[in-house]
Amino acid sequence: ISVIKGGSEQGMDRLGQNIVVKGWVRTLRVQSSITFFEVNDGSCLSNMQCVINSDAEGYDQLESGFITTGASVSVEGVIVASQGSKQKIELKVAKVNTIGKSDPSYPIQKKRVSKEFLRTKAHLRPRTNTFGAVARVRNALAHGTHKFFQENGFVWVSTPIITASDCEGAGEQFCVTTLIGDGIKSSANSIPKTGDSSIDWSKDFFGKPAFLTVSGQLNAETYASALTDVYTFGPTFRAENSNTSRHLAEFWMIEPELAFADLDDDMACATAYLQYVVRYVLENCKEDMDFFNSWIEKGIIDRLNNVAEKDFVQLTYTDAVELLLKAKKKFEFPVKWGCDLQSEHERYITEDAFSGTPVIIRDYPKDIKAFYMRQNDDGKTVAAMDLLVPRVGELMGGSQREERLDLLELRMDELKETLNKDSYSWYLDLRRFGTVPHAGFGLGFERLVQFATGIENIRDAIPFPRTPGSAEF
Ligand code: 4AD
Ligand code: MG
């Protein structure tokens with residue numbers, strides 16, 4: 001349908017052509033001598049309006065109720081100018097054939113059904129305007145992502161999904177420890193440790209605790225230490241028990257890693273990448289973006305155009321704390337130097353203080369950040385950066401990595417309660433053998449989809465959301 005509708009003036013250049021359209025019936029309107037039905041095949045937002053009367057081949061299928069909302073059909077006919085105001089062209093049907101009829105219980109009958117309801121029908125929701133558009137924009141964001149990194153000489157690296165390390169050190173990993181035979185099953189609320197004597201590790205599939213990855217970064221660092229600029233694009237998992245509109249248990253992350261680079265290079269890369277993908281969807285998803293602009297978030301196109309063109313704001317964590325302390329607004333979580341910024345603080349910064357511009361905050365206190373971040377000379381902060389955007393809050397988190405072996409080992413020793421240095425000898429090897437300054441960041445792909453479409457809940461930015469208590473479909 002997009003090929004037919006996408007021509008000049010929505011298909012007017014195709015008048016008189018004979019075509020076949022295969023898709024699913026969206027609406028059906030029976031009038032005395034003529035019937036209209038709309039077909040969509042997911043190639044674009046537009047439906048093909050089909051006009052049928054009793055002399056068309058297969059008309060009896062309409063009379064016997066084989067053509068209803070949700071049915072799959074093949075329609076043959078000629079393109080004519082439409083009398084209606086909604087579309088320029090329509091299909092005058094010569095022949096129609098029902099491929100699969102649709103039971104009257106088809107749940108997506110009404111034009112507007114709530115997103116909450118559609119989450120319970122995740123297998124059928126891509127047939128709605130909103131979810132079809134989200135799927136196409138998500139696809140364009142993925143394509144734009146690969147295009148950006150490939151055009152800039154980055155090598156795509158596949159990092160493992162099952163791993164023994166905890167990159168972020170937050171203890172939010174899903175355990176995949178699987179005992180073969182009759183060993184003792186690990187309890188779900190205590191993460192097993194290698195030395196745990198209640199477990200017979202000789203019977204474990206991996207012989208030691210294994211988890212679903214929270215980030216591909218540590219593995220990406222190994223490839224950056226050989227190929228210079230690399231990126232990952234894959235699923236990541238977090239057993240964070242937070243039921244918010246920005247958290248998923250399973251989400252996709254894009255993690256570039258740049259060698260011979262510092263935090264400034266990292267921030268420049270993050271900015272260029274975000275501006276590139278935003279521009280990419282504005283240029284390649286015009287019809288879907290117009291839809292979001294009208295129905296999901298008024299003004300989103302202007303907002304994204306601004307993001308693509310204007311410089312982002314940069315400030316240090318220390319300055320951000322100052323700014324929050326001076327704010328007139330009362331926050332639920334009080335701010336003081338050393339605290340983690342909450343989403344209310346992040347939103348205040350991007351939405352109120354800098355009226356809608358993305359903001360990069362850098363140089364966070366080392367105690368609230370991960371072990372691998374490079375220590376700044378002040379001894380209190382690390383070379384970390386978070387990129388915040390309006391509505392979504394944190395879209396990216398990144399840092400320059402500690403490339404100095406002695407300092408990294410010192411930090412790991414300080415954190416020995418939660419971090420087992422022995423299992424990171426391979427990571428330390430990167431600092432032993434030809435270490436280089438390097439930096440990278442991770443972007444939560446579903447948060448990018450939220451940002452680019454205006455979709456409010458992250459559960460609607462991924463086809464099959466995984467959240468606490470929900471792993472259906
Ligand atoms: O800030 P995070 O935890 O950073 C890392 O994992 C680094 N290892 C990345 C790197 O430097 N290579 O996560 C990165 C991003 C966040 O900014 C956020 O957009 C997203 O991942 N994210 C989530 N998205 C959805 N659901 C969750 N539970 C998320 N947790 C993080
Ligand atoms: Mg973060």
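Let us start with the shell around ligand 1, to which strand 10 (250-259), strand 14 (393-400), strand 15 (438-444) and helix 13 (445-453) each contribute at least two residues. Helices (H or I, at least four residues) and strands (E, at least two) are DSSP runs numbered from the N terminus. Strand 14 gives the most to this shell, with six residues.

Before going further, a word on conventions. This is a predicted model, in which local features need pLDDT of at least 70 and side-chain atom pairs count only at pLDDT 80 or more, while totals for chains, interfaces and linings use all residues. Residues are numbered from 1 along each chain as its sequence is written, and chains are lettered from A and ligands numbered from 1 in the order in which they are written.

Which residues come nearest to ligand 1? Of the 24 residues around the ligand, they are Ser-215, Gln-217, Gly-397, Gly-442 and Gly-444; a residue counts as near if its C-beta atom, placed from the backbone, lies within 6 Å of the molecule. By class, the shell comprises eight nonpolar, nine polar and seven charged residues. Here Ala, Val, Leu, Ile, Met, Phe, Trp, Tyr, Cys and Pro count as nonpolar, Asp, Glu, Lys and Arg as charged, and the others, Gly among them, as polar.

I turn now to the chain as a whole. There are 13 helices and 15 strands, and the C-alpha trace spans about 85 × 60 × 45 Å along its principal axes. Of the 473 residues, 39% are buried. Buried means that 20 or more other C-beta atoms, placed from the backbone, lie within 10 Å of the residue's own; exposed means 12 or fewer, and partly exposed lies in between.

The largest nonpolar core has 82 residues. Such a core is a set of buried Ala, Val, Leu, Ile, Met, Phe, Trp, Tyr and Cys residues joined through C-beta atoms within 7 Å. Val-137, Val-281, Leu-395, Val-449 and Ala-452 have the most contacts inside this core. Helix 6 (residues 263-284) gives the most to it, with nine residues. Apart from this core lies another, of 22 residues, including Val-39 and Ile-89.

Helix 6 is also the place of Ala-270. Why does Ala-270 count as buried? Because Ala-270 has 25 C-beta neighbours inside 10 Å. Leaving aside neighbours within four places in sequence, Ala-270 is in contact with Leu-387, Met-396, Gly-398 and Phe-441, a contact being two C-beta atoms, placed from the backbone, within 7 Å.

In helix 9 (residues 317-326), Tyr-317, Ala-320, Val-321 and Leu-324 are buried. These residues cover an arc of only 100° around the axis, which puts them on the same side of helix 9; the arc is that of the directions from the helix axis to the C-beta atoms. Their cover includes strand 11 (313-316), helix 10 (343-353), strand 12 (359-365) and strand 13 (381-389).

Finally, the strand pairing. Strand 1 (residues 18-30) runs antiparallel to strand 4 (residues 72-81), joined by seven bridges; two strands pair if DSSP finds at least two bridges between them. Lys-22 has Ser-74 of strand 4 as its bridge partner. Strand 1 is also joined to strand 2 (residues 35-40), again antiparallel, by six bridges, and Val-25 has Val-39 of strand 2 as its bridge partner.
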